[in-house]
Each structure stands twice: as C-alpha cells, then as structure tokens.
Amino acid sequence: MSRDAAGAETPDKTAGEAIMLPEDAEHRLGETVRLLRQRAGFSIQELARRTGLSTGMISQLERGLASPSIRSLRLLSVALGVPISYFFEPHAPDPSSQYIVRRNDRRLLRLTASGVLKESLTPAQGGALEIYELTLNPGASSGADFVQHVGEKAVYVLAGRLRIWLDHEPHVLAAGDSVCFPSTVPHMFDNPEQEVARAIWVTTLHSGPPAREG
C-alpha cells in the first residue's frame, strides 16, 4: 500500500492521493473492540458465534495484529450494538455547534489491510443516518464476502471508479455516478483501478436481526 501521500485528512486532498495509515491504528481499533466485547459480557468465542468471524480473527484484531474489512466491522457493530462510526478515531468536535462537522474535525476510520479510509461526515452523537467520505487505494475493497442488513444505502462517486456488487452482479460507477439500494441486497465493493477512488457513502443505522452473509 502506498504511503507517499501527505495524508488523507488534509484539507487540500486530491483524487490521486493514497491514504496514509498510522502504525497505531490497528492497536486503537483492537482495543475498542475488546472493551466493547467485555462491556457486553461476551467471550471471544461468543462474539465469534454472533458475527460468524473466527475466534482467531477476533483475537488477532483485539491485539492489533490484524486489520478488519468493512464487512467485518459491520458484523461486529451489529453484534456489539453500536454504529460502525463507534470504531472511528476520536476527534474533538467543533464546540460552536452540535450539528456541524468541520472538514478538519472529521473522525477517521483507517483499515490498513482493506486499503480504505472512512471519514465521518455526521456528528459524533449520531442520528438516523451515517454519512462518510470514502477513499479507496487501488485494489481496496470492503472485504471478500457479501454482507446484508436492514436499512438502505446510497453511494455517489466523487473521483476514480468504484465497483459495487449487488446481489452478485458487478456495476462499475465512474465519477458523477450514483446508486441507491436496500441494504438487504447482498453487496460488497472494491476499487478495480490503478488510481485512488473517492465516494460519498450514506447508510441508515442498522436495526432488526444481525447482518448475515449473502
């Protein structure tokens, strides 16, 4: 994964920049998962059962030895009863308004193995919607498996190309293209090109039964 960019969170980020990932990102994320699991009273084995992930994967994730896919985090968020934005790096909000997110105050989620950076565009207190700006390195993906859950999703591509798979059928979206679909449709996405892709991603907060593979 390229690390020669100035960093995805800078205000003058361009479409050609790859995301930069700090060395402690996996450790911070793993600690968050461990604390949430303990708060819920789950063993690693119980969390594995509820998510369908292996006990080894969860153990490595909690110790900062593995980086999850977006799909894995979605499964964890449902099992642990928190929105996926809970896993984002903390950031001090703009004290002038509880409703506004300044560009330099975005909370970040960096997934090293997946090559994905998610920047939250919604306030930390949450609401009915989760809105992100996604930056995907060449070859980046949401994970190797399809996911589906209750809710709706919409995507608008800002730069590059994004391939989204809906009910096992691939669709390539270019800059300016958009898609909206029920989250119950099995889906996954990746960046099949050799340039960085950026997109706005909107999803309703999950409710109802846990996510499951398609």
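The questions and answers below go from the whole chain to single residues.

Visitor: What kind of model is this, and how are its residues numbered?
Guide: This is a predicted model, in which local features need pLDDT of at least 70 and side-chain atom pairs count only at pLDDT 80 or more, while totals for chains, interfaces and linings use all residues. Side-chain values use heavy atoms, with hydrogens and water left out, and residues are numbered from 1 along each chain as its sequence is written.

Visitor: Which pattern does the protein chain follow along the sequence?
Guide: The secondary structure comprises four helices and nine strands. Helices (H or I, at least four residues) and strands (E, at least two) are DSSP runs, numbered from the N terminus. Read along the sequence, the pattern is α-α-α-α-β-β-β-β-β-β-β-β-β.

Visitor: What share of the residues in the protein chain is buried?
Guide: Buried means under 20% relative accessible area, exposed over 50%, and partly exposed in between, with a 1.4 Å probe and protein chains only. Of the 214 residues in the protein chain, the buried share is 49%.

Visitor: Among contacts between residues at least 6 apart in sequence, what share joins residues at least 24 apart?
Guide: A contact means heavy atoms within 4.5 Å. Among the contacts in the protein chain between residues at least 6 apart, the share that joins residues at least 24 apart is 64%.

Visitor: Which residues of helix α2 are exposed?
Guide: Helix α2 covers residues 44-51, and L47, A48 and T51 are buried there. These three lie on the same side of α2, because they cover an arc of only 105 degrees around the axis, the arc being that of the directions from the helix axis to the C-beta atoms. An α-helix has 3.6 residues a turn, so residues three or four places apart point the same way. On the other side of α2, the exposed residues are Q45 and R49.

Visitor: Which residue follows α2, and what is its phi?
Guide: The residue after α2 has a positive phi, near 85 degrees. That residue is G52.

Visitor: Which residues of strand β1 point one way, and which the other way?
Guide: In a regular strand the side chains alternate between the two faces of the sheet. In β1 (residues 108-111), L108 and R110 point one way, and all of the residues that point either way are buried. Pointing the other way are L109 and L111.

Visitor: What is the bridge partner of L109 in β2?
Guide: Two strands pair if DSSP finds at least two bridges between them. Strands β1 and β2 (residues 116-120) pair in the antiparallel sense over four bridges. In β2, the partner of L109 is K118.

Visitor: Which residue takes a positive phi in the hairpin of β5 and β6?
Guide: Strands β5 and β6 (residues 169-174) run antiparallel and are joined by six bridges. Across this pair, L162 stands opposite L173 in β6. The hairpin has two residues between the strands, and the residue with a positive phi, near 55 degrees, is D167.

Visitor: How many salt bridges does the structure hold?
Guide: A salt bridge is a side-chain nitrogen of Lys or Arg within 4 Å of a carboxyl oxygen of Asp or Glu. By that criterion, the number in the structure is 10.

Visitor: How many residues apart are the partners R74 and E130?
Guide: The side chains of R74 and E130 meet in a salt bridge, at 3.6 Å from N to O. The pair links distant parts of the chain, with R74 in helix α4 and E130 in strand β3, and the separation is 56 residues.

Visitor: Which residues is S178 in contact with, beyond four places in sequence?
Guide: S178 lies in strand β7 (residues 178-182) and is exposed, with a relative accessible area of 54%. Leaving aside neighbours within four places in sequence, the contacts of S178 are V155, Y156 and L173.
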